[in-house]
Each structure stands twice: as C-alpha cells, then as structure tokens.
Amino acid sequence: MDLKTLNFDVSLGKLQQMSKDLILPARFAVKIFSAILDFASSFVARVLGSAPVRRHFHLLLSAMVLFGPLLSLWVSKYNVFANTNHFLYRKFLRSSWGWTCILSGSFVLVLSLSAKRSLSLCLRHLSRLLVAGLLWFALKRLLAVLEDAAGACYEPMPPEVDPSSSSSSSSSSPLLLLHQDKTKALCLRAHMQWRGYEVSQDVLILCLCCLLILEELSVFRDHVAPAGPPQKPPGAPLRLIFLLCTLLLVLWMFLLLCLLAHFPQFPAQQLGGALGYLTWRGLYQGWYKLKGSRFCPGMPGEGLLTSDL
C-alpha cells in the first residue's frame, strides 16, 4: 500500500468519525424537540378539548367584547398598540381570515389524511371552511351596503368660508358640507368625515375566527388520547400545525383585546361580536349538526375519529 492510499484511508476515517460526532448531538436534539412537541401538543389538546372550554369559550369572548372597552380607562394612548399602523395590525388583522383559513385548513387536511385516507371525506371537512369563508364575504358585502345606506359623508368647511367663524360655538364645531353621492369607502379615501351606523368588521371576523379555530382544534384531543380502540399516534407535522393554530388563536384574542382597549367603538364593536357569535352558532351549532343531509359538511372529527359518516 502506497503513501497516498494510506493518507486517503486516514482522511476517510476522520470524516466518518466527525460525522458520527455530529450525528449524535443532532439525534439527541431531535429527541428533545420531539418530546417537548408531544408534551405541549397533548397538554394543549386536553385543555382545548375539555368540556368547560368547549362549552363556555363563547361566554369568555362575549365578556371580552362587552367589558373590554373599559380597559381604555387604564391603557396609555402612547402604547405601541395604540398605533393603527402597528405590524400586527398590518400583517395579521387585515388578513385575519386568510391566516385562519391557511392554518386551520392545513390542520383539517393533515388530520383527515392521517386518520382516514379518504379524499371525499377530506374535502367534506374542508368544505366547512369554504362555507364559513363565503358567509364572511357575503356579510362583508351586506354590511358595506347597509353602512352606505345608513350613513352620510361630510366635508368640513374651511374657516374662511364659514360665515359665523367669529362665534365661539362654531370654532369648536365647524360646519360640515353634505355629500350624498359618496360611499363610505370613497368618503374616507377623500379624507372626509363619515357619520352613520356601522358594525365593526374587525371584531366580527376576530370573534368568528376564534370560535372556528377552537371548534376545529378541539377534536385533536380524541386523536391524541382516543377513548375507543388505540389508533396510530399523530405525527410531528400534525402536532406542529396544531400548536401553530393554537398560537394563532391566542394572537386573535390578544388583537381583539387591543382593539377594544385602544379603539373603543360602542356599539359598533358589540354588534360585530354579536354577528360573529350568531354566524358561529348558525354553522357549528345548527347546520353542521344536521344528520342525513347530503349538503351538510358535518362536525369536526365526524367520520375521522368516530364511526359516524
């Protein structure tokens, strides 16, 4: 054996030893991460799937919507969340339904495929999100039409045009010029004032997303600890998506509190919360519970974790 071959064998042996030294810590870190993931997802699944949470979560949201504006007496107007251009408002609140649909839809998809490899059953459970999305966009359009019909656009008159500008009363409340041909969107875009009855769409969609996410996630408890025959334990991707959906639920509740505390609008926010609750009530407590209907998507977990189809 020549010197070059001997050096090559020594170098190859060193590389193999280095790879073993790197693989062992990596495997140890993966085991720790897997253990933490299993414990956290199982614990959160038991909490969200417990009977008190599933029965009384809507009462918690109702209390937040009703009494949340009282927090405006204590919060500071210089708080970072008092700025409407905050990162969370721009990136999450304005696309709250998109985030909810992506994460909760991913959870429903992976759960359906891992529990029962049936494409028709998977599409049936995903149709719940489609129905909720169509209803949300219909409500959004309807509220926009009602707000345009119930409100009016006003343009503040310049001081030099105001004939009674010398009076003290007019200086505190300037005259407003009515524009009847403008919608709310065009009025606000033109930097005018819109006055009328409205419903907070932000509070509506946040309440609906919170209730929807809890309904979809609550069945994961039966998948982690089934009451019937033992099933294949959920994999790491499903557990990770479940925890991401849980973080999204916490984020929506936090943003809801921020809106109520920093931007109180009574009774627009309360009306929005009531509409969100009624939408959830009509879908998950009404239509989705119908049995024997071809057009009923069914409740979360139906046909996946039970024998009902």
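Guide: Start with a side chain. A polar atom of the Ser104 side chain lies 2.3 Å from the backbone oxygen of Thr100. A polar contact here is a pair of N or O atoms within 3.5 Å; within protein, one must be able to donate a hydrogen and the other to accept it, and residues adjacent in sequence count only if both atoms are side-chain atoms. Bear in mind that this is a predicted model: local features need pLDDT of at least 70, side-chain atom pairs count only at pLDDT 80 or more, and totals for chains, interfaces and linings use all residues. Residues are numbered from 1 along each chain as its sequence is written, and side-chain values use heavy atoms, with hydrogens and water left out.

Visitor: Where does Ser104 lie?

Guide: In helix H4, residues 96-115. Helices (H or I, at least four residues) and strands (E, at least two) are DSSP runs, numbered from the N terminus.

Visitor: Is Ser104 buried or exposed?

Guide: Buried, with a relative accessible area of 3%. The cut-offs are under 20% for buried, over 50% for exposed and partly exposed in between (1.4 Å probe, protein chains only).

Visitor: What does Ser104 touch?

Guide: Leu129, Leu212 and Cys245, not counting residues up to four places away in sequence. Contact means heavy atoms within 4.5 Å.

Visitor: Switching topic. What volume does the largest pocket have?

Guide: About 1100 Å³. Of the 32 residues that line this pocket, Lys184, Leu188, Glu198, Gln201 and Asp202 are the closest to its centre. On a 1 Å grid over the protein atoms alone, a pocket is an open set of points with protein on both sides within 12 Å along at least five of seven lines, while a cavity is a set where a 1.4 Å probe fits but cannot get out; lining residues have an atom within 4 Å of a point. Grid points are joined across faces, edges and corners, and a volume is the space filled by probe spheres set on the points.

Visitor: Which element gives the most to that lining?

Guide: H5, with 7 residues. By class, the lining of the largest pocket has 15 nonpolar, 9 polar and 8 charged residues. Ala, Val, Leu, Ile, Met, Phe, Trp, Tyr, Cys and Pro count as nonpolar, Asp, Glu, Lys and Arg as charged, and the others, Gly among them, as polar.

Visitor: And the largest nonpolar core, how many residues?

Guide: It has 59, and Phe107 and Phe242 are among those with the most contacts inside it. Helix H10 (residues 236-262) gives the most to this core, with 15 residues. A nonpolar core is a set of buried Ala, Val, Leu, Ile, Met, Phe, Trp, Tyr and Cys residues joined through side-chain atoms within 4.5 Å.

Visitor: What about Ala261, where is its place?

Guide: In helix H10. Ala261 counts as buried, at 5% relative accessibility. Its contacts, leaving aside neighbours within four places in sequence, are Gly68, Leu71, Ser72 and Val75.

Visitor: How many cavities of 30 Å³ or more?

Guide: The count comes to 2. H4 provides the largest share, 4 residues.

Visitor: Which residues line the second largest cavity?

Guide: Arg54, Phe57, His58, Leu211, Leu214, Glu215 and Trp280. About 30 Å³ of space lies in there.
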